[in-house]
Amino acid sequence: MKSQSDLHMLLHDADLDDDLKAIAHKVESNERISFEEGVLLYEKAELPYLGILANYIRHKRHGNNVYFNRNFHIEPTNLCVYDCKFCSYSRLIKQKL
């Protein structure tokens with residue numbers, strides 16, 4: 001399994017920051033990371049490192065299956081009455097501005 005060998009490579013990388021290595025050990029042990037560790041990942045981790053961790057978790061949970069969500073819709077107007085937090089069309093978001 002390539003994702004396991006990639007994680008193994010991270011765990012034995014002498015140049016990897018000790019805090020990042022500790023997070024990789026937690027991922028290997030199926031432990032949750034803390035909020036502070038998430039912030040550390042945001043501030044210090046490079047994209048390939050994050051990709052290795054994410055792929056390891058995905059492969060462990062779903063094997064070789066990959067899932068994606070295609071969400072496509074066309075807004076008929078530039079206002080919406082719903083309260084979605086991610087959408088720029090929400091009337092409530094515009095009222096707060």
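Start with helix H3 (residues 35–44). Select Glu37, Leu40 and Leu41: these residues of H3 are buried. Buried means under 20% relative accessible area, exposed means over 50%, and partly exposed lies in between (1.4 Å probe, protein chains only). Now look down the axis of H3: its buried residues fall within an arc of 100 degrees, so they line one face of the helix. The arc is taken from the directions that run from the helix axis to the C-beta atoms.

This is a predicted model, where local features need pLDDT of at least 70, side-chain atom pairs count only at pLDDT 80 or more, and totals for chains, interfaces and linings use all residues. Residues are numbered from 1 along each chain as its sequence is written, and side-chain values use heavy atoms, with hydrogens and water left out.

Stay on H3 and turn to the face away from its buried side. Select Phe35, Glu36, Tyr42 and Glu43, the exposed residues carried there. Then go back to the buried residues of H3, which pack against H2 and H4. Contact here means heavy atoms within 4.5 Å.

**Zoom out**

Show the whole protein as a cartoon. The secondary structure comes to 5 helices and 0 strands. From the N terminus on, the elements run α-α-α-α-α. Helices (H or I, at least four residues) and strands (E, at least two) are DSSP runs, numbered from the N terminus. Of the 97 residues, 25% count as buried. Among contacts with a separation of 6 or more, 39% join residues 24 or more positions apart.

**Helix H2**

Select Ile23, which lies in helix H2. Is Ile23 buried or exposed? Ile23 counts as buried, at 1% relative accessibility. Show its contacts, not counting residues up to four places away in sequence: Ile23 touches Ile33, Glu37, Leu40, Leu41, Tyr49 and Leu53. Draw a line from Ile23 to Leu41. Their C-alpha atoms are separated by 8.7 Å, and the two residues are 18 residues apart along the chain.

Leu20 is found in helix H2 as well. Select Leu20: this residue is buried, with a relative accessible area of 6%. Leaving aside neighbours within four places in sequence, Leu20 is in contact with Leu40, Leu41, Lys44, Ala45 and Tyr49. C-alpha to C-alpha, Leu20 and Leu40 are 8.0 Å apart in space and 20 residues apart in sequence.

**The nonpolar core**

Next, pick out Leu7, Leu10, Leu20, Tyr49 and Leu53. These have the most contacts inside the largest nonpolar core, which has 15 residues. Helix H1 (2–11), helix H2 (18–28), helix H3 (35–44) and H4 each supply at least two residues of this core. A nonpolar core is a set of buried Ala, Val, Leu, Ile, Met, Phe, Trp, Tyr and Cys residues joined through side-chain atoms within 4.5 Å. In soluble globular proteins, nonpolar side chains tend to be buried together.

Centre on Leu10. Beyond its neighbours within four places in sequence, Leu10 is in contact with Leu16, Lys21, Tyr49, Ile52 and Leu53.

**Two stops further out**

Select His8, in helix H1. His8 is partly exposed, with a relative accessible area of 47%.

Move to Asn30, in the loop between H2 and H3. Asn30 is exposed, with a relative accessible area of 60%. Check its backbone: Asn30 has a positive phi of about 65 degrees although it is not a glycine.

How much space lies in the largest pocket? About 330 Å³. Select Val27, Glu31, Arg32, Ile57 and Arg61, the closest to its centre of the 13 residues that line the largest pocket. On a 1 Å grid over the protein atoms alone, a pocket is an open set of points where a 1.4 Å probe fits, with protein on both sides within 12 Å along at least five of seven lines; lining residues have an atom within 4 Å of a point. Colour H4 (residues 47–62): this helix gives the largest share of the lining, 7 residues. By class, the lining has 8 nonpolar, 1 polar and 4 charged residues.

Methods
Grid points are joined across faces, edges and corners, and a volume is the space filled by probe spheres set on the points. Ala, Val, Leu, Ile, Met, Phe, Trp, Tyr, Cys and Pro count as nonpolar, Asp, Glu, Lys and Arg as charged, and the others, Gly among them, as polar.
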